[in-house]
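Good morning, and thank you for coming. Please look at the sequence and the structure on the screen while I speak.

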Amino acid sequence: QVVCTQEETQNGITIKGKVIVDFDKNDKLTDATATYELSDQTAADQYCSIFKMMENADKGIKIECSGTKVTIKGFAQMEADEDEEDILGMSKADFIKQMAEENVTCK
């Protein structure tokens, strides 16, 4: 398991992101859960609404909103659905390298 974190400020709102990534015994990415914590309740509500539109029980994408936190279970599948780079099946080394290029810290 790898934990990746990133903090950024957009329009005066701080967003702390944390992604917990699971790998199989061959170090291939199998799943990821992302949590975003926002410094503003209104922004958190907007994030929640946007991500709720992407929720898809058939593909295991589940969005949970609590206060200023938005949690995305099935994050790897959501990324694949959005025509982003598909991280499912990516090796641990390649995933960590890609995250470093995006200024995301992984441990």
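Let me begin with a term: a nonpolar core is a set of buried Ala, Val, Leu, Ile, Met, Phe, Trp, Tyr and Cys residues joined through side-chain atoms within 4.5 Å. Buried means under 20% relative accessible area, exposed means over 50%, and partly exposed lies in between, with a 1.4 Å probe and protein chains only.

What we see is a predicted model, in which local features need pLDDT of at least 70 and side-chain atom pairs count only at pLDDT 80 or more, while totals for chains, interfaces and linings use all residues. Residues are numbered from 1 along each chain as its sequence is written, and side-chain values use heavy atoms, with hydrogens and water left out.

Now to the core. The largest nonpolar core has 28 residues, of which Cys4, Val21, Tyr36, Ile72, Phe75 and Phe95 touch the most other members. Two or more residues come from each of S1, S2, S3, H1, strand S5 (69-73), helix H2 (75-81) and H3. These labels are DSSP runs numbered from the N terminus: helices are H or I with at least four residues, and strands are E with at least two. The element that gives the most to this core is S3, with five residues. In soluble globular proteins, nonpolar side chains tend to be buried together.

Which residues does phenylalanine 75 touch, leaving aside those up to four places away in sequence? Phenylalanine 75 touches Val19, Asp31, Ala32, Thr33, Ala34 and Tyr36, where contact means heavy atoms within 4.5 Å.

Next, the sheet. Six strands form an open sheet in the order S4-S5-S3-S2-S1-S6, with antiparallel pairing. Its edge strands, S4 (62-66) and S6 (105-106), each pair on one side only. Two strands pair if DSSP finds at least two bridges between them. Strand S1 (residues 2-10) and strand S2 (residues 13-23) are joined by nine bridges. Across this pairing, glutamate 7 stands opposite lysine 16, and glutamate 8 stands opposite isoleucine 15. The hairpin of S1 and S2 has two residues between the strands, and asparagine 11 there takes a positive phi near 55 degrees. On S6, threonine 105 is the bridge partner of threonine 5; S1 and S6 pair over two bridges, in the antiparallel sense.

Finally, the aromatic rings. Rings of Phe, Tyr and Trp (its six-membered ring) pair if their centres lie within 6.5 Å; planes under 30 degrees apart count as stacked, over 60 as edge-to-face and the rest as tilted. By this rule there are four aromatic pairs. One of them is the edge-to-face pair of tyrosine 36 and tyrosine 47, at 6.0 Å centre to centre with 65 degrees between the planes. Tyrosine 36 lies in strand S3 and tyrosine 47 in helix H1 (residues 41-52), so this pair ties together parts that are 11 residues apart in sequence. Tyrosine 47 and phenylalanine 51 have ring centres 5.7 Å apart and planes at 70 degrees, so that pair is edge-to-face too.

Together, Tyr36, Tyr47 and Phe51 form one aromatic cluster.
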